[in-house]
Amino acid sequence: MKVASAPPCGIYLYCLFEDAGGCTTPGDLGIASEWPLELVRHNGVVAVVAQVPLAEYCRPKWEGREQELRWLLPRIQEHRQVIDRLRAERPVLPIRFGTIFKSRKRIQQILADRYEDIWRQLKQFQGKEEWGVKVYIRPEMIQQKARKSQPILAKLQKQLKGASPGRAFFYRKKHEAARRQVCHTVERNLGRQVREQLQHGEKPCLSLRLFGKELTGRPEPMLLNLVFLVDSHQIANFSADVDRISRRFASWGCLFEVTGPWPPYSFCSALGDTQSGKTSGDPNLLLRAAAPSD
């Protein structure tokens, strides 16, 4: 009788933290997880890991974006629940969702090889939180601003009204091309101004990729997707600044959405190229599943 072999597994890496509280077992963390948590240690730095079946994270071929999100969202939620529970009591370096290695030994080697950088970041991010600011725009208001700022559009519209059918077709195409170009310029300048206003001061800021309507669930297109690293005692000032700037740009059709606080996902680089989105040369890194950012 042929015995079925066990499904291939990998070591899923959630986050890193300083073992200042004398945590000795995963049970000390008080976290309920789908996969039993384990701790991998090196010189006072602890990695929180779990052995997972690779089939759970080998993404299937999707028929559409909705199917992809149904696969991603519960797994992202599990990842964040582990990290959020830990960061409630200690500084944590979160690891990108879906980072899976071949062995615990490889993770121990990473802790040893990059110990100084990991330790520096644990201290650097202590007392800091990541906050997201997404800015959406109302296209009709951008078009109004474009018409007021560019007389050529009004001129082309006037030519269109009094033109013969043949010329009207020509003017219509010319007007549409000019309108798109002017709106694009207005949006680009608007995005630059909003970011400059939000980024004043010394707080670090990063631009993340823009999401489409199928992911945001909003009818308005996204203009900016920014994340900030904010000192915990400066949160009230940060919130007041965003509120003030949102009122300033409301007449331009800008809608602001603030999310947070999060662990410093976007600012950590504890695993070097495996955290930055570049292709990793580490043959022990089995998988790094892509996921939407907040």
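Buried means under 20% relative accessible area, exposed means over 50%, and partly exposed lies in between (1.4 Å probe, protein chains only). The model is predicted: local features need pLDDT of at least 70, side-chain atom pairs count only at pLDDT 80 or more, and totals for chains, interfaces and linings use all residues. Residues are numbered from 1 along each chain as its sequence is written, and side-chain values use heavy atoms, with hydrogens and water left out.

**Helix H2 and its cover**

Helices (H or I, at least four residues) and strands (E, at least two) are DSSP runs, numbered from the N terminus. Helix H2 spans residues 104-113. Its residues Arg 106, Ile 107, Ile 110 and Leu 111 are buried. Down the axis of H2, the buried residues fall within an arc of 145 degrees, so they line one face of the helix. That arc is taken from the directions from the helix axis to the C-beta atoms. Lys 105 and Asp 113 are exposed, on the face of H2 turned away from its buried side.

What covers the buried residues of H2? The cover includes strands S1 (9-18), S2 (37-42), S3 (45-53) and S5 (99-101), as well as helix H3 (115-124). Contact here means heavy atoms within 4.5 Å.

**Strand S1**

In S1, 8 of its 10 residues are buried. Strands pair if DSSP finds at least two bridges between them. S1 runs antiparallel to S3, with 9 bridges. Tyr 12 has Ala 50 as its bridge partner in S3. S1 also pairs with S5 in the antiparallel sense, over 2 bridges. There, Ile 11 is partnered by Phe 101. Strand S4 (residues 92-94) is antiparallel to S1 and joined to it by 3 bridges. Phe 17 stands opposite Val 92 in S4.

**Aromatic rings**

Rings of Phe, Tyr and Trp (its six-membered ring) pair if their centres lie within 6.5 Å; planes under 30 degrees apart count as stacked, over 60 as edge-to-face and the rest as tilted. The whole structure holds 4 aromatic pairs. Tyr 12 and Tyr 14 have ring centres 4.7 Å apart and planes at 45 degrees, so this pair is tilted. Both tyrosines, Tyr 12 and Tyr 14, are buried.

Trp 131 and Phe 238 form a tilted pair, 6.4 Å centre to centre with 55 degrees between the planes. This pair links distant parts of the chain: Trp 131 is in strand S6 (residues 128-137), Phe 238 is in helix H8 (residues 235-248), and they are 107 residues apart. Trp 131 is buried at 13% relative accessible area. Phe 238 is buried at 5%. Ring pairs join Trp 131, Phe 228 and Phe 238 into a cluster.

A charge sits over a ring if NZ of Lys or CZ of Arg is within 6 Å of the ring centre and within 35 degrees of the ring normal. Arg 80 lies over the face of Trp 262, 4.8 Å from the ring centre. The charged end of Arg 80 also sits over the ring of Tyr 265, 5.9 Å from its centre.

**Salt bridges**

A salt bridge is a side-chain nitrogen of Lys or Arg within 4 Å of a carboxyl oxygen of Asp or Glu. The search finds 9 of them in the whole structure, including these:

| Salt bridge | N to O distance |
|---|---|
| Arg 104 and Glu 38 | 2.7 Å |
| Arg 192 and Glu 196 | 3.7 Å |
| Arg 244 and Asp 241 | 3.2 Å |

Arg 244 and Asp 241 both lie in helix H8, 3 residues apart. Salt bridges that share partners join Arg 218, Glu 220 and Glu 257 into one network.
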